[in-house]
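Opening the notebook on this one.

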Number of protein chains: 2
Amino acid sequence: MKIQYTLLKTDKDTKARLGKIKTNYGTFDTPMFMPVGTRATVKSLAPEELKEAGSGIILANTYHLWLRPGEDIVAKCGGLHKFMNWDGPILTDCGGFQVFSLIKNKEKDITEEGVYFKSHIDGAKLFLTPEKSIEIQNKLDSDIAMSFDECPPYPVSYEYMKKSVERTLRWAARGKKVHNNPNQALFGIVQGGEFKDLREYSCKETVKMDFDGYSIGGTSVGEDKPTMYQMIEDGIRYLPEDKVRYLMGVGDPIDILEGVERGIDIFDCVLPTRIARHGQAFTHHGKINFNNAQYKEDTRPVEEGCDCYCCKNYSRAYIRHLISVDEMLGGRLLSIHNIRFLIHLTEEIRKAIEEDRFASFKEQFLREYQSSKSFF
Amino acid sequence: MKIQYTLLKTDKDTKARLGKIKTNYGTFDTPMFMPVGTRATVKSLAPEELKEAGSGIILANTYHLWLRPGEDIVAKCGGLHKFMNWDGPILTDCGGFQVFSLIKNKEKDITEEGVYFKSHIDGAKLFLTPEKSIEIQNKLDSDIAMSFDECPPYPVSYEYMKKSVERTLRWAARGKKVHNNPNQALFGIVQGGEFKDLREYSCKETVKMDFDGYSIGGTSVGEDKPTMYQMIEDGIRYLPEDKVRYLMGVGDPIDILEGVERGIDIFDCVLPTRIARHGQAFTHHGKINFNNAQYKEDTRPVEEGCDCYCCKNYSRAYIRHLISVDEMLGGRLLSIHNIRFLIHLTEEIRKAIEEDRFASFKEQFLREYQSSKSFF
C-alpha cells in the first residue's frame, strides 16, 4: 500500500494540525521532525538510536545515493530499509535541491529535458531528469518519493520564476507518469518563490495532478524569515486538508513552530546533526556551544530533565572534553540530544494541539528559547 | 579493595593461563583483550557497545587525560568511571609510552627526577615524574595504575638500556611510595629491551617491590616479532604465578596467541579501532579492507557467523559504502566488529585452555588466519 494520512484534529485558534501517517513500515504521528540520513546514514548514529529518540520517519538523499553507492546496489541489497537497517518509514528527496546547492551555476545547465551538471565529487558529467529521479527513488524503495523540481535561489526575477514554476509542473507530470512502485507514495512540490500569484498557480496546478502529499519547496534558499513564513502561507492555503504537508529543509525550533502554526505536518533538516558535530546543543533556553570553556567543569547534563541517552548518562564536562579534543563520540552524543530535542518538541506540539493550546505553547516556548543564554 | 587475581588453570602443554580478576567494578576472566579509550572514550563507541562486545576491562591514557581535560576535572566529575559512563574496570597507563612515542627526542630531556618535554598539542613545557604519574592516576581513580617507566626505542645500546632499567626501578619505587588510592592496584613494569640479563634483572628487582601485577614493557617499539616474543619469555619466567601479567600495546591476533602461549593474561591495543577507521576488519581468514571495490555488491556480513552488532545487522556492501564515502558509522561498525573479534578470540582461547588444547587451537587459528585472502 501507499501511505495513508489521517487528519485527526486542527487546533482551535491556529492552523496547526494533528495527524497520523500509516506506512508499510509503521505508523507515526504528525507534526513530526525527520532526521536526515544523507548517504543512508544519519551521521554517526545507528538506527536504534534514532528509534530511541522517537524518530517516526527519516529522510535519505536521492542525489547522494545515486552517485554512491548507486541505486542498483541499494536495490540488490533489498532496498534502502534493509541496506541501512532502518525498519521505519523513509522519505527520499528528488535530488533537485542538491543540484541547486552543491553544483555551481556555471557547472549546470537546466533544460526542458532535465539538468546537465558536473558531479560535485569527481566532475563527471551527469544528467538528471524527472524520470530518472523517480526511477532512482523507485529502486531505493522509500515509502515517500518526491517529484523532481527546480529549486531556484532567492531572489530571482519574476520572469525566471514563472518559467521555472511552469517547467517544474511539466516535470512533476512526467515523473508521475513513470512512477511505478505500488508501495511508494509520490509527493508534489509547490514552488513560486516569494511571488504570491506564482505560489497560488504552482499549488493549484500541482494539486490538480492529485499527488499523495505536497511539499512547500523553495524555502531556506537565502530568503529572510518573514518571507519564508509568507511563502508557506501563500502555498499552503490551496492545499487539500486530507493530504500531508511537508516543509523541506527546515529544522530550526522556531521555524518548526512557525510552520506548524501555518499547517505543516512534517519537517526535515540536517541542522541538529550538523550543529552537534560542531559542538552545539539545543536546549529550551537556546543553543549552547561546547567549544566554550565555561562548560569544562559543569557536572550537569546538557539539559536538565531531558530524557535522551546523552542527558541521562553524561555531563556537560564530558561533552565539552569530547568536543574540545575532537572525539567522535561528542558529535554522536550531541546528535542524539539534538534529534531528541526536536522530536520531543513535536511531541509537545502534538499534545498542545490535542489540548487546543498551541498558540500559548508556542508563545511560552519562544519566550524561554529566546531568553538570555547568559543564564547558562 | 584492590584487584584480586586468581589463577584457575594452566594449559597442559603450554604456559597459557586461565584466570579471573575481581575488581570493585566487576569480575572478568583472563586472557582478556582491553579496548583502548585514549581520551576517556574508545573512539566512536559508547560504553554499552563495549559491554555488548564482551569487554571485561578497558584502558585509558594518563598522559592524554592529564593534558585534557586534566585529572582534577575528571576527579570533580566523580572519577573516570563516572566521567565516561563506564561501570566496568579501567586500567590507566603511566604516560611513559606517550612521552616516548609522541614527543620527538630533541623535545624531551630524561633526567633522574623525571622527563621534561614539550606538549604534543601546543608545545607547552611539561614535566612528568613518577610521583606525578601516580598522583594523576590516583585522581583518575582507575582500578589498575601503572608505574612510571622509561620506554626506550629499539634498538638502543646495552649501556643505555642498563642505565634506563636502573632508573626505571628507582622510578617504580618512588611511585609506589606515593601511591595512596586504596581502591587502586599498582602494577610494576619490566623493561630491559632484547638483553636477556637486563630483563632478568629488571624483572627480579621489580618483583621484589611486590606490586599487584606486572607488565612486560618495551615491546612493539620497532623490534621484529621473534625478538618481541623472546622479550616476553625473558621477562615472564621470573614473574610470580599468582599475579596478573600484562603485555602492553599488543593486539594483533597472532601476537595475542603468542603472548598467551607464554603466560600473558591481559593485552591492550588501539589496533582494532584504528584499522576500523581505515576500513579494515579482522576475520578468521585474515584482515579484509573495505576500501576495496570488490565488496560493493557483497550482501554477506563482514564475517559469517560472527555474533557482533555489525555482522548481525549490516552487509559488506553497506560497510563498503560507508567507508568509501567516509561516513562515521563505517568506522564505528567496524570498531564494534574488530573489538568483538579480539574479545571473542580470548573467549575461544579461554575455552581451549580450559580443555587443555591451547596449542592445537592456536595452530588451527593461525592456519585459517594466514590462509589466502583471495578466498574472499
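I started with a helix pair in chain B: B:M161, B:K162, B:V165, B:L169 and B:A172 of α7(B) meet B:L198, B:Y201, B:S202, B:E205 and B:T206 of α8(B). Contact here means C-beta atoms, placed from the backbone, within 7 Å. Helices are DSSP runs of H or I with at least four residues, strands are runs of E with at least two, and both are numbered from the N terminus.

I sorted the residues of that contact and got six nonpolar, two polar and two charged. My classes: Ala, Val, Leu, Ile, Met, Phe, Trp, Tyr, Cys and Pro are nonpolar, Asp, Glu, Lys and Arg charged, and the others, Gly among them, polar.

Then the geometry: α7 (158-178) and α8 (196-208) of chain B pack at about 10°, with axes 10 Å apart. Axes are lines fitted to C-alpha atoms, for helices over the stretch in contact, and angles run from 0 to 180 degrees between N-to-C directions. α7(B) and α8(B) are therefore roughly parallel (under 35 degrees; over 145 is roughly antiparallel, 65 to 115 roughly perpendicular, the rest oblique).

A note on the source: this is a predicted model, where local features need pLDDT of at least 70, side-chain atom pairs count only at pLDDT 80 or more, and totals for chains, interfaces and linings use all residues. Residues are numbered from 1 along each chain as its sequence is written, while chains are lettered from A and ligands numbered from 1 in the order written.

Next, the two chains. I find 29 residues of chain B in contact with 29 residues of chain A. On chain B's side, α3 (71-76), α4 (80-84), α13 (316-324) and α14 (328-354) each supply at least two residues, and the largest share, five residues, comes from α13(B). That side divides into 14 nonpolar, eight polar and seven charged residues.

So what about α13(B) itself? Eight of its nine residues are buried, so α13(B) is largely enclosed by the rest of the structure. Buried means 20 or more other C-beta atoms within 10 Å of a residue's own, exposed 12 or fewer, partly exposed in between, with C-beta atoms placed from the backbone. The buried residues of α13(B) pack against α3 and α4 of chain A together with α14 of chain B. After α13(B) comes B:D326, with a positive phi near 60°.

Last, I checked the interface residues of chain B: 100% are also interface residues in chain A, so the copies meet through the same surface.

Conventions
Two residues are in contact if their C-beta atoms, placed from the backbone, lie within 7 Å.
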